[in-house]
Amino acid sequence: MYAAIKIDNVSKRYRIGGLHPGFMTFREMIGGVVTSPFRNLKSGNGHQTLWALSNVNLEIGQGELVGIIGPNGAGKSTLLKILSRVTKPTTGEVELLGRIGSLLEVGTGFHPDLTGRENIFLSGAILGMRRAEIERKFDEIVAFSELEKFIETSVKWYSSGMYVRLAFSVAAHLEPEILMMDEVLAVGDAAFQQKCLDKMHDIRQQGRTILFVSHDMAAITRLCKRVVLFENGKVICDGGPREVVQHYLSSSLKTGAAREWTNQLEAPGDQVVRLRRVRVRDEAGETAPVIDIRKPFGIELAYEVLQEGHALVPVIEFYNEEGTELFSTHDTNTEWRRKARPRAVYTSTVWIPGNLLAEGSLVGHVSIMSHFPATVLHAYERNAVAFQIVDSPAGDSARGDYIGPMPGVIRPLLNWSTDIVATSGTNYKG
Amino acid sequence: MDLETNKATSRTVPPTSLPQAVPRSEPGVTESAVVISQRRTRIKSEAAGVEINFGELWQYRELLYFLTLRDIKVRYKQTLMGVAWVIIQPVLTVLIFTLVFNRFVRLDTGSLPYPLFALSGLVLWFFFANAVTNSTNSLLSNSNLVTKVYFPRLFIPAASIGAGLVDLGVAFLLLIALGVYYGVAVTVNLALVPLFILMMTLLALGVGLLSAAFTVKYRDLRHALPFIIQLWMFASPVIYPASVVPQKWKWLLLINPVAGIVEGFRASLTGRPFDWLHLAVSAAITFTILVISLYVFRRFEHTFADVV
């Protein structure tokens with residue numbers, strides 16, 4: 001295996017600051033020259049600089065499918081822009097072997113006033129296809145997009161889904177040796193997403209190299225064998241998907257799988273009770289930012305009761321990435337239910353069974369309440385813990401051996417039975 | 001375990017993908033799964049010097065065609081009168097100028113009737129003015145392309161000039177009609193018409209590239225441009241003959257390449273003698289502007305995506 005992409009000590013600097021981030025008006029320039037004619041000659045002329053990438057070294061082998069993750073502003077998009085030659089690195093060099101296709105946005109070069117047909121040619125040419133090549137693949141592209149009926153219609157009359165389908169179809173037929181994608185799979189309906197994943201799979205099967213930037217940890221862990229984590233323009237972690245996603249979620253996000261308050265005064269709570277620690281744990285008792293969908297996991301709250309005599313109820317609410325509340329749970333069955341508690345440090349743990357929740361990023365909001373004599377919220381911490389549920393393509397989870405996206409916020413493992421009830425051709429009665 | 005097998009399949013070719021991968025391959029570009037083309041791309045840093053990669057321009061030549069086609073199609077879609085605008089603009093202008101310079105002020109245009117005189121200048125001038133205006137705005141209006149995908153950026157302003165050539169073609173038909181109406185004799189000079197159109201195109205490209213590159217960085221150039229264009233028209237013998245310019249201002253016409261090209265265009269249409277010296281100077285200036293603007297454009301090109 002040789003390197004398809006060789007990134008050699010690449011840095012990218014952006015100038016920011018001033019009223020206008022990138023451009024200035026002609027008047028400003030003239031004015032600037034009049035008031036301080038030599039200012040522009042000096043370096044660091046009042047601009048702040050931002051290193052979107054600093055000293056990045058990375059080698060990606062031919063045929064690898066590499067996921068790139070990191071918080072916003074980590075430099076992922078800048079990297080793709082450099083690789084796709086939209087912008088140049090400030091220092092350093094990149095060597096690419098083979099034709100590059102980039103999908104930094106769907107519908108690159110689409111013009112709303114042109115028809116689907118015209119846009120296929122235009123977009124194809126912009127993405128680097130030859131006219132003859134587009135003509136050869138035209139029917140295939142149209143068939144893939146399922147837009148045969150609308151191909152002579154201006155794309156401005158398309159729904160956003162149709163638009164994306166056509167755009168992706170063009171790009172998918174580019175047949176680059178290196179494909180770079182930035183969150184394009186986040187669009188389109190489930191069926192089309194599946195088609196895109198299949199296409200990506202095909203591309204990979206042909207030994208092509210794919211760089212896949214996404215915030216969708218579920219897709220990243222499922223599809224990629226190697227994941228690179230960027231933070232502040234640097235490569236922080238490079239390795240297997242689980243290890244890197246775990247690293248990302250636990251250290252890069254402010255909220256990780258464990259949260260501890262050492263200073264009692266800063267801990268969420270009041271004079272009655274204060275939180276000490278919240279963590280996500282696996283069956284072995286280890287803090288676990290990445291949970292196997294098939295395994296049960298616990299959320300453990302540690303808190304100190306400072307004032308005796310209150311009947312306390314810990315509550316945890318679970319939200320997914322879209323902000324949908326999945327469910328709320330509170331303590332109903334321990335010996336402390338409706339009992340005044342003495343001063344002490346307690347832990348309460350709730351166990352969530354395996355094969356219940358769908359894959360994805362979840363956050364837990366934690367609170368401690370008392371309901372007697374009145375309902376009082378003693379402690380509340382939004383986003384107290386964050387963790388990731390990952391599905392497995394091993395075949396024994398609810399997804400079986402299907403690798404595409406699955407809708408729904410729960411993913412129970414259910415029993416299906418299929419029986420032959422009559423021979424073919426006979427009438428089936430109940 | 002799982003990881004190992006997957007890596008292995010990605011390197012060797014699965015038999016199922018072979019039949020479809022091979023026939024798709026194009027001569028020159030190896031599309032096959034086994035042999036990845038050895039096309040090596042080196043992305044150098046900003047510090048690297050300016051070079052114009054003509055091989056790359058050639059390789060992307062079809063894109064210029066598609067971008068030009070887009071600019072033409074988009075212009076005439078959803079318009080009330082479509083191509084008619086290309087005719088209406090010069091016709092109305094000629095009517096107004098004929099009224100002013102032929103009826104109110106008696107301007108001597110020699111043997112040429114004033115409407116024909118004015119139209120022959122305006123047709124070429126409108127091409128130049130529109131080409132420069134459109135290419136100036138082209139990078140900004142195509143910012144979605146500039147920030148998303150790589151291709152020679154030169155083609156964006158170039159395409160808007162290419163689209164202008166189509167308009168010129170239509171307007172030229174009008175000019176021929178008027179020439180026939182006035183009974184202008186056909187001479188060998190007519191053979192040089194394409195040369196003047198080529199010169200004007202190159203000049204428009206030079207000026208357009210320069211102002212496009214600067215407009216990305218200095219946005220208010222867009223507002224100054226219509227004014228500059230207007231001034232330029234009055235500084236060129238478009239609606240008046242060069243003969244009315246006082247001797248002490250003649251040098252201005254000499255250094256103004258538009259003057260030489262418009263005069264030459266008119267001479268080739270009407271069979272009047274050429275001013276070869278003036279033409280040579282105009283050609284030299286046009287060429288110089290083009291070289292400078294290509295350099296400046298390439299110099300700025302890599303920053304477009306960052307500031308547009």
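Which residues in H9(B) meet which residues in H12(B)? In this predicted model, B:Val193, B:Phe196, B:Met199, B:Met200 and B:Leu203 on the H9(B) side face B:Pro257, B:Ile261, B:Gly264, B:Phe265, B:Ser268 and B:Leu269 on the H12(B) side. By class, the residues of this contact comprise nine nonpolar, two polar and no charged.

Helix H9 covers residues 193-217 of chain B and helix H12 covers residues 257-270 of chain B; their axes come within 9 Å and cross at roughly 160°. Angles over 145 degrees count as roughly antiparallel, and H9(B) and H12(B) are therefore roughly antiparallel to each other. The crossing of H9(B) past H12(B) is left-handed.

Directly after H8(B) comes B:Gly183, with a positive phi of about 70°.

Chain A provides a second pair of helices for study. Helix H3 (residues 116-126) and helix H4 (residues 131-145) of chain A pack at an angle of about 130°, and their axes are 10 Å apart. This angle makes H3(A) oblique to H4(A). H3(A) passes H4(A) in a right-handed crossing. From H3(A), the residues A:Ile120, A:Phe121, A:Gly124 and A:Ala125 take part in the contact, while H4(A) contributes A:Arg131, A:Ile134, A:Phe138 and A:Ile141. These residues divide into six nonpolar, one polar and one charged.

The strands of chain A come next. Strands of a sheet pair through backbone hydrogen bonds, either parallel or antiparallel. One open sheet of chain A has six strands in the order S5-S6-S7-S3-S8-S9, with mixed pairing. Strand S5 (100-103) and strand S9 (234-239) of chain A are at the edges; each has a single partner strand, so one side of each lacks a neighbour in the sheet. From one strand to the next, the twist averages 15°.

Both senses of pairing can be followed in this sheet. S5(A) and strand S6 (residues 178-182) of chain A run parallel and are joined by four bridges, with A:Ser102 opposite A:Met180 in S6(A). S8(A) and S9(A), in contrast, pair in the antiparallel sense over five bridges; here A:Leu229 has A:Cys237 in S9(A) as its bridge partner. S8(A) and S9(A) form a hairpin with two residues between them, and A:Asn232 in the turn has a positive phi of about 45°. Helix H2 (residues 76-83) of chain A lies across S3, S5, S6, S7 and S8 of chain A, at about 145° to S6(A).

Another open sheet of chain A contains four strands in the order S10-S11-S13-S16, and its pairing is antiparallel. Its edges are strand S10 (258-260) and strand S16 (344-352) of chain A, each with a single partner strand, so one side of each is left without a neighbour in the sheet. The twist in this sheet averages 20° from one strand to the next. Strand S11 (residues 273-281) and strand S13 (residues 297-305) of chain A are paired by eight bridges in the antiparallel sense, and A:Arg281 stands opposite A:Gly298 in S13(A).

How values were computed. Residues are numbered from 1 along each chain as its sequence is written. Chains are lettered from A and ligands numbered from 1 in the order in which they are written. This is a predicted model: local features need pLDDT of at least 70, side-chain atom pairs count only at pLDDT 80 or more; totals for chains, interfaces and linings use all residues. Axes are lines fitted to C-alpha atoms, for helices over the stretch in contact, and angles run from 0 to 180 degrees between N-to-C directions. Angles under 35 degrees count as roughly parallel, over 145 as roughly antiparallel, 65 to 115 as roughly perpendicular and the rest as oblique. A crossing is left-handed if the near helix is turned anticlockwise from the far one by less than a right angle, and right-handed if clockwise. Two residues are in contact if their C-beta atoms, placed from the backbone, lie within 7 Å. Ala, Val, Leu, Ile, Met, Phe, Trp, Tyr, Cys and Pro count as nonpolar, Asp, Glu, Lys and Arg as charged, and the others, Gly among them, as polar. Two strands pair if DSSP finds at least two bridges between them.
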